[in-house]
Amino acid sequence: MTNTAQTIDLSLYAAVTEAVQAEARKVLEAGIVAAVVGWQAGRRKGTALPAIVTDPAKAKELIFSPACVNNLALYLTKAKKEIRAKGKIAIVAKGCDLKALVGLMGENQLKREDIHIIGVVCPGVQGANADRAQPLSETTIAGKCRECTVHTPEGADVTVGTLPQLPHFTPAESEELARLEAMTPAERWGFWKEHFSRCIRCYACRQVCPFCYCEQCLCDRNRPQAVESTPRPAGNMAWHIVRAMHLAGRCAGCAECERACPMDIPLNLLNRKMAKELKELYGFEAGFEVKEKGPLAQYREDDDQSFIK
Amino acid sequence: MQKTITEPNLRLLIDTLVSEGKRVIGPKAAGTMTLYEPLSQGEELNLGELPRRSAKEAFFPLCETILTYERDKEGVRVTDVDPQAIPETVLVAARPCDVAAAPVLDSVFSWDFKDEFFLERRRKTTIIGLACARADDACFCTAVGLSPGDTKGSDLFLAPLTDGGYRCDAITEKGEALLAAHADLFSDAATAEPLPLAEPTLGKLDLEKIRQWLDTHFEDPLWEEIAARCAGCGACAFLCPACHCFDIVDEGGEEKGARRKSWDACGFGKFTNHASGHNPRDVQPSRYRNRIMHKFKYYVDKFDQRLCTGCGRCVRACPVGIDIATVLEEINSK
Ligand code: SF4
Ligand code: SF4
Ligand code: SF4
Ligand code: SF4
Ligand code: SF4
């Protein structure tokens, strides 16, 4: 039997759904929070979308399923001021999403006491182009979930669900990264050049990223223009380099940028590569503890300086 | 005029058009997806999948240069790009929901200002539409008054037949001309039955009722409810066959550069940012409201047409699951 036949048992999602609804109702009724950010079912079968619930009676609309792909931390950033203005917010978070919340706290974008985190145990969510009619398996699960290390989130106010036995999936992203690392620089450049040539500059990757909360993005500047804004090779390459550098040491690895990309550009490979470099050079990993400053935002005498020639 | 064409002959038609020096655009496999792209031979035509981006690119490319400038000893030279240089084009096997958007766009591009680039491409393009035998759960052309067999905007229209060939109807003079010029590739009217059309599942919407509601609900809690989740990316607008906002920028240096026109989107936070710094649409709900108002009210008021053909691309692509059909259903039910 091959791995593709291994599927994930869906009963956990139903149990988590119930627990999320109960917790949401409780904190809304008790007035502990002004709103709960979670997921609700979409019109099409097997789809879900972010939900911002303020009425306890509507807590029953919240769900947790393999379609709950969004990293909801986005809704607690400056980019979504109107939501934060409501007051203290409860947020439903998978382990991978929790890393973004931790990062945002480190960057003084969030105060722990201003949010109520409902952590959900998560066996995995569906990949961007997955066939929703198929069960969650090696062929339909998101790449990041195949090698997830945070199925059970830690540090939430409550955590719901118990992790079932999970199938072993081949770590496709690591394998792809290893393949890239084995290339010559010219081959690698070619690889990215080809991918970036498809970029249409819709900025979905930026807009779904919890760390892209700058009120003035360098790439939107036009007086003077810092990065060419038209979807052509020069501007595309510059945009992606700016993005990778700006997120290095900050990216929580939620892979939302890659999922959102309508042109299927494997952005998370770049994120993972940057994260790996930072781990090797600075012993730093984003999203595990609240840290005032990431490695690229400070100078230390023992920093690696071998790149200065 | 009605004829039939076999699939091998359809591919041969593409080869012939290419050899005549025409630009032929059609669905083509491109990595993990299918896109409408220039075909170099009929073999490349990929009929199985819905192209990720719409066919509007045949007239309204993602990015185009409209003038170039250069400075040398003599001074500054500004050169217009000549729209006449745009090649004769055949857009083949385009979905009805893509094709129906073309005549809708004609209205805005030939209104107070005539966009010569768009209009020249439209003039020089012959469109071969293709009926859909399959729809997915995002398709809702039938809900907005079109159908998987709608010929609106097509010059020639293909309907797949049970024997693998296509019934071919000439809809316009351009279509007749193309048929006549390649008569050897077509045969007489079909004997085989057409395949049943796809059946999108969404019920019919009362578009006039929706417009009337929009007329009186510029302010409504609905906008916040739906659009607070909108991430403000351009995915929906960029993939849409009917969205047509663009930006014009000068790129380059002191010595040389170009003026370029490229897609823009009303969802972008800076879309209506004034030079003063004031932004009248400062939060996402007011931007999303504009998206719906523009498609189902403003454009209807002005041009008596709608900026949505129900192709479902925005529904499939929205990273936060915003489903325009759900929004319309909700307004329709009020
Ligand atoms: S860069 Fe991508 S993976 Fe990293 S936090 Fe942003 S959206 Fe998530
Ligand atoms: S989401 Fe994809 S296509 Fe859009 S700007 Fe980002 S990389 Fe480019
Ligand atoms: S608004 Fe959405 S469904 Fe309507 S034509 Fe545009 S992309 Fe298609
Ligand atoms: S909405 Fe779907 S079924 Fe209707 S014309 Fe477009 S692709 Fe075909
Ligand atoms: S694709 Fe979705 S998130 Fe992006 S602007 Fe459109 S509705 Fe908003």
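Good morning. Ligand 3 has 13 residues around it, and the closest are Cys240(B), Cys308(B), Cys311(B), Gly312(B) and Cys314(B). Please keep in mind that the model on display is a predicted one.

Which helices of chain B each supply at least two residues of this shell? They are α9, covering 284–303, and α10, covering 313–317. Sorted by class, the shell around ligand 3 holds seven nonpolar, three polar and three charged residues.

I turn now to ligand 4. The residues that surround ligand 4 are Leu50(B), Pro96(B), Cys97(B), Cys132(B), Ala135(B), Cys139(B), Cys141(B), Pro148(B), Gly310(B) and Cys311(B). How many charged residues does the shell around ligand 4 have? There are no charged residues in that shell; nine of its residues are nonpolar and one is polar.

Chain A is divided into two parts: domain 1 spans 10–160, and domain 2 spans 172–297. The contact between them draws on 28 residues from domain 1 of chain A and 26 residues from domain 2 of chain A. Taken over C-alpha atoms, the centres of these two domains of chain A are 24 Å apart.

How much area is buried between domain 1 and domain 2 of chain A? The figure is about 2,200 Å², and carbon and sulfur atoms give 56% of it. On the side of domain 1 of chain A, the residues that lose the most area to domain 2 are Lys99(A), Glu107(A) and Glu147(A); together they account for 23% of what that side buries.

Across the interface of the two domains of chain A, three salt bridges are found, along with ten residue pairs in polar contact.

Which helices of chain A each supply at least two residues to the side of domain 1 that touches domain 2? They are α3, at 95–106, and α4, at 143–146. Of the elements on that side, α3(A) gives the most, with nine residues. By class, this side of domain 1 of chain A comprises eleven nonpolar, nine polar and eight charged residues.

Thank you for your attention.

Note on methods: Residues are numbered from 1 along each chain as its sequence is written. Chains are lettered from A and ligands numbered from 1 in the order in which they are written. This is a predicted model: local features need pLDDT of at least 70, side-chain atom pairs count only at pLDDT 80 or more; totals for chains, interfaces and linings use all residues. Side-chain values use heavy atoms; hydrogens and water are left out. A residue is near a molecule or strand if one of its heavy atoms lies within 4 Å of it. Ala, Val, Leu, Ile, Met, Phe, Trp, Tyr, Cys and Pro count as nonpolar, Asp, Glu, Lys and Arg as charged, and the others, Gly among them, as polar. Helices (H or I, at least four residues) and strands (E, at least two) are DSSP runs, numbered from the N terminus. Domain bounds come from an automatic or database domain assignment. Contact means heavy atoms within 4.5 Å. Buried area is the accessible area (1.4 Å probe) that two parts lose on being put together, summed over both. A salt bridge is a side-chain nitrogen of Lys or Arg within 4 Å of a carboxyl oxygen of Asp or Glu. A polar contact is a pair of N or O atoms within 3.5 Å; within protein, one must be able to donate a hydrogen and the other to accept it, and residues adjacent in sequence count only if both atoms are side-chain atoms.
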